[in-house]
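Please examine the model below.

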Amino acid sequence: MRWSDLIGASLASLRQRLFRTLLTVLGVVIGTTSVVVMVSLGVGLSASITGSQDTNLALRQVTVFAPPPQEAVADASVPTQMDENMLTTLEAMAGVERVWPVYMVEAELKVGAYSGWTQVMGMPLDAIEAMNVPLAAGEIPEPGAPLSFILGNTVKQQFWDPFSNEPADIDLMAQPLFVTFLEQSPLQEMPVPGGGGVVEDDEPAEPAAPPKKFIVPVAGMLAGAEDEWGPYSDIVAADQTSLIKALEKGFPGKALPGQPATADGAPKRGFIYSEFRVLASDTEAAELLYTDLQEQGYSSYSDIEWIRESQSVALLVQAVLGGIGFVSLLVAAIGIANTMMMSVYERTKEIGVMKVLGAALSDIRKLFLIESAAIGFFGGLFGLVFSFIISAVVNAVVASAGDTGFPGNISVIPFWLMLGSVLFATAIGTVAGLLPAHRAMRLSPLAAIRAQ
């Protein structure tokens with residue numbers, strides 16, 4: 001028999017038992033919908049974690065906090081200080097596109113009667129621009145301009161009203177910002193010479209000169225709500241060159257905060273950075289670079305490490321959800337096998353007539369396999385349609401709920417899931433029809449003809 005004849009005969013047989021066929025197809029629809037919706041939730045979770053890896057600069061960055069300990073370094077060429085030599089070493093590593101030195105200084109910020117503590121990050125201007133975060137107000141300062149700050153969208157929350165215990169109602173772009181740079185963190189205990197503030201010869205210690213205060217304008221404010229967290233939401237950034245010049249005025253003749261100094265506080269030669277931001281060429285290079293730095297003993301961190309772990313969790317969730325949906329599809333496969341077996345018993349005489357007339361055993365087998373495959377195909381196709389409807393409803397409900405932590409849709413149905421669901425449902429239907437087809441093929445022609 002030709003394939004067109006087999007397909008036509010199979011579809012005609014399904015139409016003759018339309019109600020039973022629809023119920024069997026409905027089982028496949030439910031199973032396919034369950035699988036697609038469950039897997040789409042896992043895909044949406046994974047997509048919300050990774051975002052766009054090509055444009056997300058944070059996924060290409062590796063932050064180096066400290067070099068390997070000196071006692072653990074056998075190679076004399078490996079730098080053990082966060083200085084220019086280490087900067088040159090990092091720039092020469094494979095997969096590195098740029099290295100930005102970062103110099104951090106503890107500071108007290110004061111606006112009106114409100115004050116807060118923070119760390120000012122001195123960075124090259126191109127590093128600030130490379131953050132690729134839109135500004136809600138202001139602009140990036142020009143090279144050589146006096147010291148100014150770029151503030152994250154949540155910095156305002158560091159200023160609290162002591163009476164209402166809520167964030168202060170201030171405008172950082174408009175009100176004067178008074179800044180006092182500290183030689184050490186305010187949380188560290190200040191040593192007192194001789195104990196109790198009295199020197200050994202009972203002469204009162206000379207009071208230290210009050211630290212110099214600066215009025216620093218806010219050049220720009222990063223976009224985002226005041227309670228919206230992000231990788232740069234609490235940043236207080238400044239051009240590194242302008243920051244160092246301001247500190248030299250604030251600490252004349254003395255070592256800058258965090259810099260090597262003599263016993264009397266005079267500066268030593270060289271400059272020590274707080275950290276290095278290493279930008280890799282792509283996410284794969286960032287992952288390899290992070291692993292290499294860890295093996296060499298560097299203290300480092302990369303968002304790509306967290307992303308990979310989160311992706312593993314998302315794949316596990318996706319597999320679990322898909323497995324739950326697969327159970328429904330397995331039940332549907334049992335329903336297909338039952339329907340086709342009933343069809344064999346009902347058409348026993350028809351099968352006998354076909355054999356007597358010379359129909360090949362392979363044609364009889366193909367006839368039943370096509371019927372079961374058609375049930376799986378139509379069930380998978382309609383199940384995919386219902387999956388799109390349910391996915392759209394879920395996304396609409398989540399979107400209406402407000403900020404849930406998902407930057408995109410929570411349910412995502414990619415093309416491979418669309419095609420795979422229909423093909424898988426068709427394959428399940430075909431496999432479920434193997435036993436009934438084999439039963440039909442093995443029927444005795446004479447016994448089948450005599451059957452009532």
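**Salt bridges, cavities and a nonpolar patch**

Arg60 is buried, with a relative accessible area of 14%; buried means under 20% relative accessible area, exposed over 50% and partly exposed in between, with a 1.4 Å probe and protein chains only. The model is predicted, so local features need pLDDT of at least 70 and side-chain atom pairs count only at pLDDT 80 or more, while totals for chains, interfaces and linings use all residues. Residues are numbered from 1 along each chain as its sequence is written, and side-chain values use heavy atoms, with hydrogens and water left out.

Arg60 forms a salt bridge with Glu97, the closest N and O atoms being 3.1 Å apart. A salt bridge here is a side-chain nitrogen of Lys or Arg within 4 Å of a carboxyl oxygen of Asp or Glu. This pair links distant parts of the chain, 37 residues apart: Glu97 lies in strand E2 (residues 96–111) and Arg60 in the loop between H2 and strand E1 (61–66). Helices (H or I, at least four residues) and strands (E, at least two) are DSSP runs, numbered from the N terminus. Glu97 is partly exposed, at 45% relative accessible area.

Across the whole structure, three salt bridges are found. Another joins Asp126 to Arg98, with the closest N and O atoms 2.6 Å apart. Here, too, distant parts of the chain are linked, since Asp126 belongs to helix H4 (residues 125–130) and Arg98 to strand E2, 28 residues apart. Glu275 forms a salt bridge with Arg277, and their closest N and O atoms are 2.7 Å apart. Glu275 is buried, with a relative accessible area of 4%, and Arg277 is buried at 14%.

The largest cavity holds about 50 Å³ of space, and its lining includes Arg17, Arg20 and Glu371. A cavity is a set of points, on a 1 Å grid over the protein atoms alone, where a 1.4 Å probe fits but cannot get out; lining residues have an atom within 4 Å of a point. H7 gives the most to this lining of the largest cavity, with three residues.

H9 gives the most to the nonpolar patch, with nine residues. Ile7, placed in helix H1, is partly exposed at 40% relative accessible area.

Notes. 1 Å grid on protein atoms, 1.4 Å probe; cavity = no way out; pocket = protein on both sides within 12 Å on 5 of 7 lines; lining within 4 Å. Points joined across faces, edges and corners; volume = space filled by probe spheres on them.
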